[in-house]
Amino acid sequence: MSAKIGIRVGEALVAGGPPGTAAEPEVVIGDLDGPFGSAFANLLGNQVAGHTRVLALLNTDVMVRPATVCVSKVTVKDTRYTNILMGTVQYATAMGVLDAVRTGDIPRVIVNDIGIIVSVWLNPAIVEVEKLDHKILFRIHREATARAIHKAMANEPSIDWLLENQEKIVHKYFERALNGEL
């Protein structure tokens, strides 16, 4: 077993594609031989209707390392949504995890000792998109996963940055509410 990382948390938002394709994964990364490992196993073993938890796979029968569980932030009620989530987005998540290993954000020597939980955001409106560009959806979710992992492993944003910028940043939905848009 290599050096412990404890538990790391990160998130990222990647947008800019067609409507419904934005990705905002939240990740928790931790050592499998401690409390995180128990949480990881419980997530995978205690399935919840509408929020199925699946391993990140390159294809059926090929999971990635570190072992990664994908959890939908949205209650899944539609077959098309399920197919997009458990197809394009699951694959993009798996590729983002491997990208994080390739870039060194996750050291190769610990890939068998840690796990990742990814809370996946896939806009429910995606089922209404008639000619969904799966390549764009894939690229956005892959990038967002890798970016969230990078931020988690680098402990970003730092507390110094947060304190310096606390009054400069306004949550976009709060701002929209103030403007009467919500």
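I started at Ile-159, which lies in helix H4 (residues 159–165); helices here are DSSP runs of H or I with at least four residues, strands are E runs of at least two, and both are numbered from the N terminus. This is a predicted model, where local features need pLDDT of at least 70, side-chain atom pairs count only at pLDDT 80 or more, and totals for chains, interfaces and linings use all residues. Residues are numbered from 1 along each chain as its sequence is written, and side-chain values use heavy atoms, with hydrogens and water left out.

I got 56% relative accessible area for Ile-159, so Ile-159 is exposed (over 50%; buried is under 20%, partly exposed in between, 1.4 Å probe, protein chains only).

Next I checked the helix pair. The axes of H2 (residues 79–102) and H3 (residues 134–153) come within 7 Å and cross at roughly 40°. Axes are lines fitted to C-alpha atoms over the stretch in contact, with angles from 0 to 180 degrees between N-to-C directions. H2 and H3 are therefore oblique (under 35 degrees is roughly parallel, over 145 roughly antiparallel, 65 to 115 roughly perpendicular, the rest oblique).

Then I looked up what links them. Arg-142 and Asp-99 meet in a salt bridge, 2.6 Å from N to O (the cut-off is a Lys or Arg side-chain nitrogen within 4 Å of an Asp or Glu carboxyl oxygen). Arg-142 is in H3 and Asp-99 in H2, so the pair ties together parts 43 residues apart in sequence. Asp-99 is buried at 19%, while Arg-142 is partly exposed at 24%.
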